[in-house]
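Hi there,

Have a look first, and then read on for what turned up.

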Amino acid sequence: MKAMKIHVSECIQSLIPYVPGKPIEETQRELGLDRVVKLASNENPLGFGQKAQEALQGALGELHRYPDSSGYRLKKALSEHLGVDPTTLVLGNGSNEVIDILIRTLSVPGDAMVTSEAAFVAYHIGGQTHGLAVVETPLTADLRFDLNAMAEAVAHTPRTRFVFIANPNNPTGTYVSEGELRTFLEKMSALPDGGPMVVLDYAYWEYVTASDLPDPLKLQREFPQIFVLRTFSKVHGLAGLRLGYGVGHPDWILELGKVREPFNVNLLALAAGEAALSDLEFVARSKKINDEGMSFWERELKALGVPFWPSQGNFLLIDVMKGFGKSGKEIFEECLREGVIFRPVINYGLPNALRISIGTPEENEIAVLALKKIAQTV
Ligand SMILES: Cc1ncc(COP(=O)(O)O)c(C=O)c1O
């Protein structure tokens, strides 16, 4: 095509794009493999539940209609499920979109956000895209968010509009405890104007087993500057439909409603989300398979001598440099040839680690075999 001069701002030009997990079909095509196991995107290995399936089938006949822009039924179901008022809810095309709407609505170029190194990358991408300064504090030695350092960063960055905390974080799987979070929130509350919005991203909340990882909605009653993010992409298995939501003060929600695209959540997602919420059996089964899969991986990794960071999500970060003397990219590529897709995390500044999503028992077995094969060659 003929050369053309385009105008792109410096913040977009220097943006490092999101790198998604490698798709199964692409891997099959490129490597000529029949069977490929994908443990790369923290998806639900069981798929999604019967109730969501039935709701989707029922909604198909309505696809010529625009979806309900207010999301009335889903918000009603969510408000009952969570014990919050519907006026505190905003729906998004994935929680990723809610992050974007927050930034677009509540900040202007030149403002700032504070998060941690190796935090879920959507915060950085959203901030940089909209011209915010993104301040990332170093992780602790055990790959956790350092809330003291983050509080310091907020204090030294006058135009901080947001703090982003993923609890647990992806890709590290590590978390901040109730005590740490309370101390941090008290410091924020003491700042002029009550401090910045503190976004608590709880995409993996349903999988959490640690008793000191706090319920964000309970904390929010005490600290109204909290904005909670949740998603249907993980335990509900609806990643492909794109559905997430935020819970925050109604004054914020009102402003977000002006900025979001009126039909940002599609009709199928609204129907499936409502049904998925009521499918307690599917959620329980998904949690159980994750708990069992996590124990299986922990056992196998110990036996293989591969260190890992204990995780509160549906994934596990492993130290392949210590385990195999190879980088994350090398092990990722070797496993691909065995028909197993993991996730390298170089873009998170973790070149020596690899992220493994928990799969079905069969997928986990196949993936462990791939690692065992590599272990024999080093
Ligand atoms: C911490 C965290 N937040 C948010 C998301 C995005 O979820 P959604 O699919 O709802 O956009 C993910 C997805 O991997 C995640 O790991």
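On a 1 Å grid over the protein atoms alone, a pocket is an open set of points with protein on both sides within 12 Å along at least five of seven lines, where a 1.4 Å probe fits. A molecule sits in a pocket if more than half of its atoms lie within 2 Å of its grid points. Here, the ligand takes up the space of the largest pocket.

Before going further: this is a predicted model, where local features need pLDDT of at least 70, side-chain atom pairs count only at pLDDT 80 or more, and totals for chains, interfaces and linings use all residues. Residues are numbered from 1 along each chain as its sequence is written, and side-chain values use heavy atoms, with hydrogens and water left out.

Around the ligand (a heavy atom within 4 Å) you will find residues including Phe120, Asn170, Tyr204 and Arg242. Polar contacts here are pairs of N or O atoms within 3.5 Å. A polar side-chain atom of Thr231 is 2.5 Å from a ligand oxygen, one of Asp201 is 2.6 Å from a ligand nitrogen, and a polar backbone atom of Ser95 is 2.7 Å from a ligand oxygen. Of the 390 Å² of accessible area that the ligand has on its own, the protein covers 94% (Shrake-Rupley method, 1.4 Å probe).

Elsewhere, 4 strands (DSSP runs of E, at least two residues) form an open antiparallel sheet, ordered β9-β10-β13-β12; strands pair if DSSP finds at least two bridges between them. β9 and β12 each have a single partner strand, so one side of each lacks a neighbour in the sheet.

Enjoy exploring!

How values were computed:
Polar contact = N/O pair within 3.5 Å; in protein donor to acceptor, adjacent residues only side chain to side chain. 1 Å grid on protein atoms, 1.4 Å probe; cavity = no way out; pocket = protein on both sides within 12 Å on 5 of 7 lines; lining within 4 Å.
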